[in-house]
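Please keep the model in view while reading.

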Amino acid sequence: MGAGGSRDARRVAYRVLRACARGQRLDRALDTRAGALLPRDRHWVHALAYGVARLRGRLDYAITLHARRGLERLDPAVLDLLRMGAYQLHHMEGVPSYAAVSSTVELARATGAGGAAGLVNAVLRASARAGSRVDAFPSREVDLEGHLTHWHSHPRWLVRRWLARWGAFATEALLRHDNRIPGLFFRPVGVEVEHALDRLRAAGMTAAEAGLGSGCVRLAAGTDPARVIGAVPGVIQDPGAALVARYADPPAGALVADLCAAPGGKALVLSERAGYVLAADLSPPRLKLMTASASRLGAPVGTVVADAGSAPVRGADLVLLDAPCSGTGTLARRPDARWRLTETDPVSLAGVQSRLLAGASRAVPAGGLLVYSTCTLEPEENDEVVEGFLSQHPEFRLEAPEDMDPRVLDDRGHLRVLPQSTGFDGAFAARMRRVR
């Protein structure tokens, strides 16, 4: 076992990062490559890969200080090696500097990048001597946008748009949130929060109420989700997502259609009050997982493979469209997503969302409810989609449910969960009733 991680663990971490560079999602790259490792090594690979994804912008800037060629002239595989080494040097406890450097040089040789071993050695040794100091980065006072982009490791276009909307203080708070390891939360299903807490504590687990009416509990870092689910019926779910289900608030005994439903957490929470939930999605494998969860909980949830734009039901009391989106409210949980997004994505996704929302609305009868939700923070995908829909569908009216915490509602009655003020994943929802 090498210091901080075995040779196999380092090779797997490198393969995970290369898979992400080719476009695979980080969580899927880990699932397919780290499963055969020992638990300790899997944990180490997860920490390294997610850490590199979170702080890639900071790591890249630090590498440019010592790589004479500049990033654009480095082979992408060599750049991933440098990122791995720099992250171990400056952000992983338990990895001595000599081990971070020597193991990365060894990995370069083992993975066919031996011709760059000297470069990797020189850059990492220089970085180890210099350390990782904020004063080596653009100054917050002189170049705020550059400081937030590089030190806080987010794409410049995203930093720029958030600064224009929220200003420096709130934007920096959001960036800090995105670079923290996200909390682990659990939503009991069919059990009151107080009783769930009692059962979890009786089973030796540390938990506390998450708050803001989410119905979730916050679990201690490192808690085994399987133990939690074994002790209390429910789902692992962030309060931002749980608040969408709370905001939807179906009538008791309602027929609910949850479109774009996978992985299914919202459908399972909605089943507490609903008479039946029809969960639709385009992914058969993810629907299969949802079916297993519904069976475990004894929840009245059925699944169907369907496009939300052609809703496979009519006359539902509540239709939830949890639309595909840019996901900028979940960058703490999916740190690699920030590097895949482009500046044009919010507008292009809004077109898809508008089509799906128009299709979903056809499943709503007079008097029924339509809830549109996303996990993005971008107005093009949230407010503007809803405003465009309402302008073309005067038969729908906005309304807010009763008894929501006012801190998660805006002045129009939309659900708006901001990570920088709640510590939860971001979420947006609009609740619309068909009046004729």
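Helices H1 and H3 pass each other in a right-handed crossing, a crossing being right-handed if the near helix is turned clockwise from the far one by less than a right angle, and left-handed if anticlockwise. The model is a predicted one, in which local features need pLDDT of at least 70 and side-chain atom pairs count only at pLDDT 80 or more, while totals for chains, interfaces and linings use all residues. Residues are numbered from 1 along each chain as its sequence is written, and side-chain values use heavy atoms, without hydrogens and water.

H1 covers residues 7–21 and H3 residues 39–54; their axes come within 9 Å and cross at roughly 40°. Axes here are lines fitted to C-alpha atoms, for helices over the stretch in contact, with angles from 0 to 180 degrees between N-to-C directions. Helices (H or I, at least four residues) and strands (E, at least two) are DSSP runs numbered from the N terminus. On the H1 side, Ala-9, Arg-10, Val-12, Ala-13, Val-16 and Leu-17 meet Asp-41, Trp-44, Val-45, Leu-48, Ala-49 and Val-52 of H3, contact meaning heavy atoms within 4.5 Å. This contact of H1 with H3 comprises ten nonpolar, no polar and two charged residues. Ala, Val, Leu, Ile, Met, Phe, Trp, Tyr, Cys and Pro count as nonpolar, Asp, Glu, Lys and Arg as charged, and the others, Gly among them, as polar.

A second pair is formed by H5 (residues 76–91) and H7 (residues 117–130), whose axes come within 10 Å and cross at roughly 30°. H5 and H7 are therefore roughly parallel to each other, a term for angles under 35 degrees. The contact joins Val-78, Leu-82, Gly-85, Ala-86, Leu-89 and His-90 of H5 to Leu-119, Val-120, Val-123, Leu-124, Ser-127 and Ala-128 of H7. Its residues divide into nine nonpolar, three polar and no charged. The crossing of H5 and H7 is right-handed.

Two backbone features remain. Most residues other than glycine have a negative phi, and most peptide bonds are trans. Asp-249, in the loop between H12 and S5, has a positive phi of about 50° although it is not a glycine. The peptide bond from Ala-262 to Pro-263 is cis, with omega near 10°, and Pro-263 lies in the loop between strand S5 (255–259) and H13. Helices H12 (239–248) and H13 (265–270) each supply at least two residues to the lining of the second largest pocket, as do strand S1 (184–188) and helix H10 (193–202).

Conventions
Angles under 35 degrees count as roughly parallel, over 145 as roughly antiparallel, 65 to 115 as roughly perpendicular and the rest as oblique.
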